[in-house]
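Biologist: I have a model open and want to learn how to read it. Where do we begin?

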Amino acid sequence: MVARAKAMPDGNGHREGLIRPAVRDPDLSEHRLLRAVVAQSPVALAVVDADGVGVLWNPAAERVFGWKAREVVGHRLPTIAADFEAEHREIVARTLGGESILELETKRRRRDGRLIDVSISTVPLQDRRGRAIALLGILRDITKSKGIEAELAWQAQHDQLTGLLNRRGLTERMGTFATDRDSAHGAIALLNLGRLNEVNDSQGLAVGDEVLRTFAKRLTRAVRPSDVVARLDGETFVVAMPKIPVDKVEAAVTRVLDQLGSHYRIGGHDMDVAVSAGAAICSDRDAPEETLRRAAVALHEAKLQPHHRLYLLEAEDDRAFVERVELGERLAGAAERGELRLHFQPIVSAASGRVAGAEALVRWEHPERGLVPPAEFIPLAEETGSISKIGSWVLDEACRALAGWVAADPAAADLNVSVNLSVAQLLDPGLVPHVAEAAANCGLSPDHLHLEVTESVLSTDPEAAARVLEELHSLGVVLAIDDFGTGNSSLTALRRFPFQVLKVDQSFVSGIGVRPDDETIVVATIGLAHGLGLTVVAEGVETEAQREFLAQHGCDELQGFLLGRPEPKLAAVVDSTS
Ligand code: C2E
Ligand code: MG
Ligand code: MG
């Protein structure tokens, strides 16, 4: 045991005081003790003299390097450092020069030829005059921990399923990508496997995974060696093409898409999985992350257009376009984030002036833009597919509001609430059950729920629309045709669909007292609607003259700024929901 390390005036020959002199047991004599330490040391110890001849080689060294002590001691060191000659010479020279080297991590070769990771420390051994005459090497095999380290580093940057770079690996690669693109531009393409969820659902996750692996292999083969391929998440892959000239991007991505093909045969199943791609050109100003973001926008656009496999976004492309797509993405989470509001506009009886109900009108409270009107975001929601989510929210909220009014004031039991439905909502298979559920959850009689659709329902998919409207009608909800007279098939719509309410469009109402033709149309429409047994609501009533005219000609109900603007609360009732 080391009691105290004294100064060693006589070099390392005899280290008086290193071993406690009190030890008298012959089994613990200095010599025996040192031998035991050397023999049992778990780290490899080697002493080599100035000529490179082995002096000491302990059993741990035998285990680490595979060379026996008898092959080393008294011989020049074998081929352990053969591939690292320069480094080895430097270590020896520095150590014999009197310097100690601490934990140098490097590699050495075992007797069986295998390379191992080692940590080397060296200490000069001096003679009585203080001259370094030999070198003590302390060596540890760190292959295992190095291997784990390397494995972890690899895993952090790669996707486990496909072995491609993951988002993090890609980002690190893109750092170099950025410094690379000095003259030419470069581009980033995002590729998305459509319908993979369907494969997962119908064939199982294992088949889905195999499709992803196969796709990854095909993609790696399809790109140029200088391209960087990564899997971002789920079914989205990236091809970064450094330095590709702008005018070559479209052809390059198209070539990749062509080579990928869409057919997969996995575990005896044949399937087609189409790929959409969005590509963006790197501009000189943009960081690669910006290009990646723009490529995501392009991909989004490509997915909206089923016949476009590739959408290419040029650097000069309109900011407004990117903003619109980003707005669309934000909109998708607006309901979850609690950014949607419902305003209610009263609908009053033309004869009595009493409130008959209210139309629910949605608003989006955008954190930066403030209140966004529906005319701006409903079309966007339709285009980007988030209309169903928004529509569901509106439906629930409107039913809840009406139930709240009734709870607060029994007189409100006669009120109706009107909810607008867009075409996309109408064609959503979840609509009918949701309408039934929304009304039932709030204890509403279905005939107090009015659903407004415009004539545009006819043009998109009339058969499907007719089916859904019939089902809604059977539920007992009231259907209203909104903005009547603005489409080009108004009369057909009346004949074909089970409407009970007709809303005369604001553009005709505003002509009352101004344009005789509009007055004629309004009067004829009221007559027509009544002839068919429909209730007529006039929209956009702003003046007393309009109100009088409409009442005189038998219009049933009125809606417009004259009677009340859309407000968060319905003025006619005490709202208990707030
Ligand atoms: P709409 O269903 O025809 O709704 C009436 C629109 O006219 C509302 O605009 C309302 O604020 C406005 N308005 C009411 N009275 C007057 C008036 O006297 N003068 C004028 N100039 N305008 C009046 P808003 O709220 O901006 O909604 C516009 C359209 O957005 C709605 O037209 C409807 O088609 C759609 N929309 C609103 N909320 C929803 C919704 O929850 N779902 C769906 N799918 N569409 C909605
Ligand atoms: Mg409406
Ligand atoms: Mg309308």
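Predicted model: local features only at pLDDT ≥ 70, side-chain atom pairs only at ≥ 80, totals over all residues.

Biologist: Which residues coordinate the magnesium ion (ligand 2)?

Modeller: Look for donor atoms around the ion. Here they come from Glu359 (OE), Asn420 (OD1), Glu452 (OE) and Asp482 (OD), at 2.0 to 2.2 Å. Along the sequence the spacing reads E-x60-N-x31-E-x29-D. Glu452 sits in strand β17 (residues 449-454) and Asp482 in strand β18 (residues 478-484), so this pair ties together parts 30 residues apart in sequence.

Biologist: Are Glu452 and Asp482 buried or exposed?

Modeller: Both Glu452 and Asp482 are buried.

Biologist: Now the sheet. How do I read strand pairing?

Modeller: Strands of a sheet pair through backbone hydrogen bonds, in either a parallel or an antiparallel way. In this model, five strands form an open sheet with antiparallel pairing, in the order β2-β1-β5-β4-β3. At its edges are β2 (54-57) and β3 (101-109), each pairing on one side only. From one strand to the next, the twist averages 25°.

Biologist: How many bridges join β1 and β5?

Modeller: Six, between β1 (residues 44-49) and β5 (residues 132-141), in the antiparallel sense. Val47 stands opposite Leu136 in β5.

Biologist: Which strands does helix α4 lie across?

Modeller: Helix α4 (residues 85-96) lies across β3, β4 (115-126) and β5. The helix runs at about 150° to β3.

Biologist: And the domains?

Modeller: The domain assignment gives domain 1 (41-146), domain 2 (158-313) and domain 3 (334-558). Taken over C-alpha atoms, the centres of domain 1 and domain 2 are separated by 50 Å.

Notes
Residues numbered from 1 in each chain as written. Chains lettered and ligands numbered in written order. Heavy atoms only, no water. Pairing = 2+ DSSP bridges. Helix = DSSP H or I, 4+ residues; strand = E, 2+ residues; numbered from the N terminus. Axes fitted to C-alpha atoms, helices over the stretch in contact; angles between N-to-C directions. Contact = heavy atoms within 4.5 Å. Domains from an automatic or database assignment. Donors = N, O, S within 2.8 Å, 3.2 Å for Na, K, Ca; no water. Buried < 20%, exposed > 50% of the residue type's maximum accessible area, 1.4 Å probe, protein only.
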